[in-house]
Amino acid sequence: MKRFITHFFIITLFTMVTYGQSGIKKPDWQEKNLVGKVKKLKEKMVFFDDKKQYVAFAKGEGSPSDIENVSITYVFNQRGYIESFISENGDKVPIKYDYRNRTATQIYKKKPGSPAMEIICEFDPLKNMISQTLKMGEQTITEKYKLTYNEKWQVVEEKRTYMMSEEESENSPNSLYIYKYNEKGYVIEQIVKEPNSSGDWELKSIINYQYNDRGNVIEKIEVEIETENSSQEKKYRYEYTYDTIGNYIKKVEYLISDSGEEVTYTEEREIKYYK
């Protein structure tokens, strides 16, 4: 169940972390590192388990059923904020903003046999998300984020707490994220810790990033801590193809190993601009 919830919130972050309006969130053009007045952005993301899968896909031999792929289309207003998104099956999900309570809500259309669903994100005065709540029928799942800022008002610590019921306390976080930034304000290191049986924070992973001059990640090194004396490192590099405006329209992720490189992820974008 925890794995499902974690996966759900990760997918949701792709769609909600950038939502906002003036006074709630920075413009989504800025949050998504977009150049120009983008009207619509369609992203098709495909994940590959091995080189064989990618080769078959690249040859147009069909997408095997075990290949994970996600497609989503964002619709922006002329101020640069996402006002709705369209899922792969064509469902349009509008975003409702509540300026007084500093929230942005995804409202999913109720379908026969399925409960009504909405996702509510709450932001602090510095326009960072501090909670995310899934309401589906009578079930409510909340993830809260307790943020610590540095003197530049950058988030340097983030304590995350999953709450499956009102009885659970947000004072018992499930994970701790620690961030470091470069001079341009991009995250260059992310450290994740989780509480052990004694309640002390235990190191779980370290991720380091490098960027190009456009602000896109070109290298990522992940270190997963398995035991006190054992860890696993993975290194990735990224290639981009850009349009004439300066936004990338294709992104390819390569996993680097002693035997060479293999594609593990591709992303293609279709971008329409306001005239």
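Let me start with a definition: a residue is called buried under 20% relative accessible area, exposed over 50%, and partly exposed in between, using a 1.4 Å probe and protein chains only. Hello everyone. What we have here is a predicted model, where local features need pLDDT of at least 70, side-chain atom pairs count only at pLDDT 80 or more, and totals for chains, interfaces and linings use all residues. Residues are numbered from 1 along each chain as its sequence is written, and side-chain values use heavy atoms, leaving out hydrogens and water.

First, the overall picture. The protein chain has three helices and 16 strands; helices (H or I, at least four residues) and strands (E, at least two) are DSSP runs, numbered from the N terminus. Of its 275 residues, 39% count as buried. If you like contacts, meaning heavy atoms within 4.5 Å, residues 24 or more positions apart account for 35% of those with a separation of 6 or more.

Now to the salt bridges, each a side-chain nitrogen of Lys or Arg within 4 Å of a carboxyl oxygen of Asp or Glu. How many does the structure hold? There are eleven. In one of them, Glu43 pairs with Lys32, with the closest N and O atoms 3.9 Å apart. Glu43 sits in strand 1 and Lys32 in the loop between helix 2 (28–31) and strand 1, so this pair ties together parts that are eleven residues apart in sequence. Both Glu43 and Lys32 are buried.

Arg160 and Glu158 form another salt bridge, at 2.4 Å between the closest N and O atoms, and these two residues are buried as well. Lys204 and Glu202 also meet, at 3.3 Å from N to O. Here Lys204 is partly exposed at 27% relative accessibility, and Glu202 is partly exposed at 34%. Salt bridges with shared partners also join Lys32, Glu43, Glu267 and Arg269 into one network.

Next, two backbone details for you. Arg102, which is not a glycine, has a positive phi near 55 degrees, and its place is the loop between strand 4 (92–98) and strand 5 (103–108). Trp153 is not a glycine either, yet its phi is positive at about 60 degrees. Where is Trp153 placed? You will find Trp153 in the loop between strand 8 (139–149) and strand 9 (155–163). Is the Trp153 residue buried or exposed? Trp153 counts as exposed, because its relative accessibility is 60%.
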